[in-house]
Amino acid sequence: MDRNQITKWLKSPGKMAHKYSLHAVYFCTGCGIIEIPPVITARWDAERFGVIPVATPRQGNLFMITGYVSVKTLKAIIRTYEQMPDPKYTVAFGSCPINGGMYWDSYNTIKHLDKYIPVDGWIAGCMPRPEAVFVGVTHLWTLIDKEMANGYIRYKKKYAAYRSNQEMALGELDWPPLYPIEDETEEESK
Amino acid sequence: MISSLQENLEATFKGVKVTAPEDGRMSVSVPSDSIPVVLRYLKGNGLDHMALLSCVDWIEDGKFELVYFLTCYMPNNTDYAADQKLHVLVRTQVPRDNPGIESVIGVFENIEPYEREIHELYGVHFKGHPRLTHLLLERDYEVPPFRKDFDTRQYVEETFGSIPPVDE
């Protein structure tokens with residue numbers, strides 16, 4: 001452990017613990033997932049940075065969207081994201097979730113992921129190198145330190161807007177809202 | 001094998017045109033109503049693998065061209081020679097407005113997902129198909145998305161561009 005960080009550990013142990021144990025949901029989307037096996041295995045060894053893949057969203061707190069998001073995948077992404085426990089961090093990986101990338105005029109991929117779920121960090125590139133993943137992770141540490149990786153709080157606060165966007169893209173959603181929507185609109189009207 | 005099959009095909013079926021552009025390849029143009037019988041005949045002549053069904057949109061001619069890719073599985077016997085390998089494309093054309101063709105599930109059962117795919121991406125109706133539902137897509141499109149007159153940019157603008165960003 002870094003001795004310089006002892007004060008941080010004593011001040012906010014919970015935050016430091018979240019920071020150094022990022023459990024990535026092993027969710028495969030698009031072509032970017034081909035970069036993830038070398039990242040987590042011996043060659044680049046993501047465990048040096050505390051990143052380890054987990055099997056189910058209930059155990060994870062880091063969600064990497066690794067490529068283009070088709071309309072069908074968006075449904076799975078939203079359901080996975082809503083199952084993850086707080087605090088949770090989303091990182092969009094590659095240029096496709098950022099603005100559509102090379103699928104900017106495709107009939108069946110959504111272009112801007114942050115219209116549907118909150119995104120904390122972006123790793124640009126097509127594809128990003130494994131080193132870029134670690135740069136992204138260290139940036140995410142800084143964001144967690146400064147409490148700027150607050151996507152899950154924003155999701156709760158703006159849930160009505162996110163839900164209406166999701167319904168615009170997917171049509172009628174066949175699962176109930178995660179947070180009560182009526183309260184949200186009342187608060188806003190006040 | 002190729003030359004005899006070519007002669008037999010042209011002799012047996014009316015309106016069938018066969019060309020063999022190179023060794024081991026054969027292209028058969030067939031009127032759309034005799035597709036099931038021609039495919040059944042080819043299956044009986046050793047071409048027992050339906051590899052793929054594809055579709056081409058010839059928008060100037062007002063036609064869809066359906067292409068059935070047929071090959072043969074390797075027989076187990078040792079008599080099988082490498083020069084007997086054959087790759088057959090069976091082509092047929094259907095009109096672009098209200099396109100329809102007989103389904104060939106009765107001949108090759110594995111063509112079921114291919115016909116569903118062509119149905120949802122090009123809007124070609126396969127008569128006799130048990131379930132022409134969506135295969136890959138989740139939503140209905142006014143114009144099937146792989147047709148040449150489907151304007152992707154306008155569609156993207158209208159569907160995804162109209163969704164507002166969530167202000168933070």
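**Figure 1. A loop residue of chain A, A:E147, sits between α6 and α7 (151-157).** This is a predicted model. A:E147 has a positive phi, near 60°, and is a residue other than glycine. Is A:E147 buried or exposed? With a relative accessible area of 56%, A:E147 is exposed, because the cut-off for that word is over 50%.

**Figure 2. B:N98 also takes a positive phi, of about 55°.** B:N98 is not a glycine. Look for B:N98 in chain B, in the loop between β5 (87-95) and β6 (100-102). B:N98 has a relative accessible area of 74%, so B:N98 counts as exposed.

**Figure 3. Two cis peptide bonds can be found in loops of chain A.** One of them joins A:D86 and A:P87, with omega at about -10°. A:P87 belongs to the loop between α4 (71-83) and β5 (89-93) of chain A. Another cis bond runs from A:C126 to A:M127. Its omega is near -10°. A:M127 is placed in the loop between β7 (121-123) and α6 (130-145) of chain A.

**Figure 4. A salt bridge ties A:D145 to A:K8.** The closest N and O atoms of this pair are 3.0 Å apart. The two residues come from distant parts of the chain: A:D145 is in helix α6 of chain A, and A:K8 is in helix α1 (residues 6-11) of chain A. They are 137 residues apart. Side chains of opposite charge can pair when their charged atoms come close. A:D145 is partly exposed, at a relative accessible area of 21%. A:K8 is partly exposed too, at 34%. A:K19 joins A:K8 and A:D145 in a network of salt bridges. Over all chains, the count of salt bridges comes to 14.

**Figure 5. Within helix α8 (residues 159-170) of chain A, A:E167 and A:R163 form a salt bridge.** Their closest N and O atoms are 3.6 Å apart. Why are A:E167 and A:R163 separated by about one helical turn? Because they are four residues apart in the helix. An α-helix has 3.6 residues a turn, so residues three or four places apart point the same way. A:E167 is partly exposed, with a relative accessible area of 32%. A:R163 is buried, with a relative accessible area of 6%.

**Figure 6. In chain B, a salt bridge pairs B:E65 with B:R91.** The closest N and O atoms lie 3.6 Å apart. Here the pair links distant parts of the chain, with B:E65 in strand β4 and B:R91 in strand β5 of chain B. The two are 26 residues apart. B:E65 counts as buried, at 10% relative accessibility. B:R91 counts as partly exposed, at 25%.

**Figure 7. Helix α3 (residues 112-122) of chain B holds several buried residues.** Among them are B:E112, B:R116, B:I118, B:L121 and B:Y122. What covers the buried residues of α3(B)? The cover includes β3 (49-58), β4 (63-71) and β7 of chain B. Just after α3(B) comes B:G123, with a positive phi of about 80°.

**Figure 8. B:L135 reaches residues of both chains.** B:L135 lies in the loop between β7 and α4 of chain B. Which residues does B:L135 contact, leaving aside its neighbours within four places in sequence? They are A:K72, B:P113, B:R116, B:E117 and B:E120. B:L135 and B:P113 are 22 residues apart in sequence, and their C-alpha atoms are 7.2 Å apart in space. B:L135 has a relative accessible area of 27% and is partly exposed.

**Figure 9. A:S106 touches residues of chain A and chain B.** Not counting residues up to four places away in sequence, A:S106 touches A:K111, B:V156 and B:F160. A:S106 is in the loop between α5 (96-99) and β6 (109-110) of chain A. A:S106 counts as buried, at 15% relative accessibility.

**Figure 10. A patch of negative charge gathers on the surface of chain B.** Its members are B:E142, B:D151, B:E157 and B:E158. B:D151 is in the loop between β7 (125-127) and α4 (152-159) of chain B. At 42% relative accessibility, B:D151 counts as partly exposed.

Note on methods
Residues are numbered from 1 along each chain as its sequence is written. Chains are lettered from A and ligands numbered from 1 in the order in which they are written. This is a predicted model: local features need pLDDT of at least 70, side-chain atom pairs count only at pLDDT 80 or more; totals for chains, interfaces and linings use all residues. Side-chain values use heavy atoms; hydrogens and water are left out. Patches are made of residues with over 30% relative accessible area and no salt bridge: like charges are joined within 9 Å, nonpolar side chains (Val, Leu, Ile, Met, Phe, Trp, Tyr) within 5 Å. Accessible areas come from the Shrake-Rupley method with a 1.4 Å probe; for residues, only the protein chains shown count as cover. A salt bridge is a side-chain nitrogen of Lys or Arg within 4 Å of a carboxyl oxygen of Asp or Glu. Lys and Arg count as positive and Asp and Glu as negative; His and the chain ends are not counted. The place of a charge is taken as NZ of Lys, CZ of Arg, CG of Asp or CD of Glu. Buried means under 20% relative accessible area, exposed over 50%, partly exposed in between (1.4 Å probe, protein chains only). Contact means heavy atoms within 4.5 Å.
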